[in-house]
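Reader: I'm new to reading protein models. Could you walk me through this one, step by step?

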Amino acid sequence: MKQYLTNDPWCVVEDGFHAQHNEITESLMSLGNGRLGGRGNFEEKFTGKTLPGNYVAGVYYPDKTRVGWWKNGYPDYFAKVLNAANWIGIDIDVEYETLDLNTCEVRDFRRVLNMQEGYLDRQFVAKLKSGKELKVSAKRFCSIVDDEAGAIRYSITPLNFDAKITITPYIDGAIRNKDANYDETFWDEVRKETAYGEAYIELRTRKTGFHVVTGMCVEVEQNGVKHDYQSQPIKYEKYVANRITLDCQKGQETVIYKYAVNLSSLNYDPDVLLKEAHQYMQRVTRKGFDKMLFEQQQAWADKWKMNDIIIDGDIAAQQGIRFNIFQLNQTYTGEDERLNIGPKGFTGEKYGGSTYWDTEAYCLPFYLATADQKVARNLLIYRYKQLEKAIENGQKLGFRAGAALYPMVTMNGEECHNEWEITFEEIHRNGAIAYAIYDYVRYTGDETYLAEYGLEVLVAISRFWSQRVNWSEAKGQYVMLGVTGPNEYENNVNNNWYTNYIAAWTLRYTMQAVETVKRLNPDAYAELADRIHFREEKEIAKAKHIVDNMHYPFDETRQVFLQQSDFLDKEIMPVSDIPKGQRPLNQNWSWDRILRSCFIKQADVLQGLYFFEDEFDTDTLKRNFDFYEPMTVHESSLSPCVHSIQASKLGMKEKAYEMYLRTARLDLDDYNNDTEDGCHITSMAGTWLAVVKGFGGMRVENDQLVLAPYCPDGWTSFAFKIRFRGALLQITTTQQTVAVENFSDRSIAIQVRGEAVMIAANGKQEVAAVDVV
């Protein structure tokens, strides 16, 4: 772990410049607004360790697959959200000396991500080699009000000299993705222009043909008065700038306001993109920096009113949860059903910025409880609209009759991941998509979704499962061969318990959904059955036979489910037996050694028990937790939250808190030595789950909200808000009481610690706290 940042309830604070950790800090200080975002890079030139990154949502490139050998069925490409034009750049030159924190002496450095108000602030004093000292203050944000714009206030103050200072605000489109498979560039220049204080550049992605116009407008103030400057326009290939030379006096503050817009052909016709960019720029510059910042602060205040989790008595825990919620809200707003939640969001390039099963398994519950219902619905519709591609993916692998295999990684519905053991074996992601439909309907009560969209997806997924299993004469049961479960430290195994279970569960739920749609809307059902050639009697009979005869590996001695049929052939040992200094395993061991070990990357059997805990008794949950958790190295960001929730359920308060803190501070403390690649956005929803479903004990049972909160040791209290079926509730838990306040105009019946409670409209109820069972 790296703990060089200051704990603060509302900010991420770096006091003093930690150059060796700069790429980590750049990830942590990332900004975004759902449409665009970027890493916390410096505006001025920096030749030290840095990973420049600016990204535009939905704009991607199909980077040609690179593998040592080709296998039939491999995707041709890996989809990557592109490192787009760098709009934040402002070069500073003091009489031929360039301001560069890698080459000058730095003092009084402070970098702050203000999560409460949504901006990045940085201050420092730089001593150049000539001895000249310059004070710099920079504030930047990506507007969530004008979500195709960003703004910078960058001030310089000479401390011990008078001089001409040259300021060069620029847009640099000559950038590359660090993870390009063949080190190629992904952008072509279409046009560029510069004018007084303004510059625009239009780039087009190769192959996919997305157009993006990035523009800037620059204003200058000296001593608080707008300065009418002269500028020299600069144009290079994929680069535009304005060079401004100013007379700067000792002690005089010069402020550069840089406004930027990023408009893409995802939202505008390419023929009018440049014109629209000019108009957008005029709109934001008329507002000015201060008004834009005020609107930003107000918009974030509105978000925090709904999304904040307040922890009293533990600053590290408080900072952790707010950091996770902040990044989730920066990454996805739910306004555009064409967009989804990339594992790195706007914080880095790794994983391509594409859609994984993380969205359905971890992120959906966060948006269900904290946002308007349409946001979660849009996440499901995103998958519905890609159903045809999922069926094509199945066909490529030899499946037939409308069987859908949703991709492991995608931007447009096509599979674009090329590791065989994941792409073609980690098929449990199909089950996560089915589970998300169930989770949405259970939480919202919106059964109409099944008739409109959900049942068609469920039938297609169930057709895949029905074909993917095969009958074992030896076992007299259905088996699933050659799969990879959530634990990617085992590949190509037979009968992964979680995969077998979620496959059979999907078949069960699909049968229930068929009956629901027939009851609610028989005409819609008849139309759907005819359109997709659903042979109800035959397909339901096959599904029932699989459900009744699925093989689930089980150890009679230990009374635990086996992660896969041959799991006990491994040498079973706890993580504590791994020699010091050999973790993370994926950075220290060979892949061969990892695959032969018993060590588990992330929750696997426990993932299934988390999803389906109401189908197992507490003793079963505990036996499996006690067996698998000690072997889990948690080298996936998705792992600690599941274990925290399960530990809370089982009354293991210390373990629950340990796992919560690990997931909440995974990036802040760089647990797995990989934060420099970007933050783990999708697992941040798991952090929210660890509080709300773990410490808060939130569940939905028989269409009713159920709460079983307890306050972790060391906390005075914690509070969170959730939406549920038209009600807005705040749950506040102390060591003595649980208070539920209803902020809606409708009463609601819930359960709190097993007690039926009616919360009146705009009313409040308290229940005495008891220790977690």
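Author: Strands (E, at least two residues) and helices (H or I, at least four) are DSSP runs, numbered from the N terminus. Here, strand E5 (residues 60-64) runs antiparallel to E6, and five bridges join them. Within that pair, Phe-78 in E6 is the bridge partner of Asp-63.

Reader: Before we go on, what am I looking at?

Author: This is a predicted model, where local features need pLDDT of at least 70 and side-chain atom pairs count only at pLDDT 80 or more, while totals for chains, interfaces and linings use all residues. Residues are numbered from 1 along each chain as its sequence is written, and side-chain values use heavy atoms, with hydrogens and water left out.

Reader: Which residues of E6 are buried on each side?

Author: In a regular strand the side chains alternate between the two faces of the sheet. Buried means under 20% relative accessible area, exposed over 50%, and partly exposed in between (1.4 Å probe, protein chains only). On one side of E6, Tyr-77, Ala-79 and Val-81 are buried, and on the other so are Phe-78 and Lys-80. That covers five of the five residues in the strand, 77-81.

Reader: What does E16 pair with?

Author: Strand E16 (residues 211-222) has 10 of its 12 residues buried. Strand E15 (residues 198-205) runs antiparallel to E16, joined by seven bridges, with Ala-199 opposite Met-216. E20 pairs with E16 in the antiparallel sense too, over 11 bridges, and there Met-216 has Ala-260 as its partner. Strand E17 (residues 225-226) is antiparallel to E16 as well, over two bridges, with Glu-221 facing Lys-226.

Reader: And which of these form hairpins?

Author: E15 and E16 do, with five residues between them, and Lys-207 in that turn has a positive phi of about 70°. E16 and E17 form a hairpin with two residues between them, where Asn-223 has a positive phi of about 55°.

Reader: How do I read a core?

Author: In soluble globular proteins, nonpolar side chains tend to be buried together. A nonpolar core is a set of buried Ala, Val, Leu, Ile, Met, Phe, Trp, Tyr and Cys residues joined through side-chain atoms within 4.5 Å. The largest one here has 238 residues, and Leu-99, Tyr-154, Tyr-660 and Ile-722 touch the most other members. Helix H11 (residues 497-520) gives the most to this core, with 13 residues. Another core lies apart from it, with 22 residues, including Cys-217 and Val-261.

Reader: Last topic: how many cavities are there?

Author: On a 1 Å grid over the protein atoms alone, a cavity is a set of points where a 1.4 Å probe fits but cannot get out; lining residues have an atom within 4 Å of a point. Grid points are joined across faces, edges and corners, and a volume is the space filled by probe spheres set on the points. The structure holds eight cavities of 30 Å³ or more. Of its 22 lining residues, the closest to its centre are Ala-57, Gly-58, Leu-339, Asn-340 and Gly-342.

Notes. 1 Å grid on protein atoms, 1.4 Å probe; cavity = no way out; pocket = protein on both sides within 12 Å on 5 of 7 lines; lining within 4 Å. Pairing = 2+ DSSP bridges.
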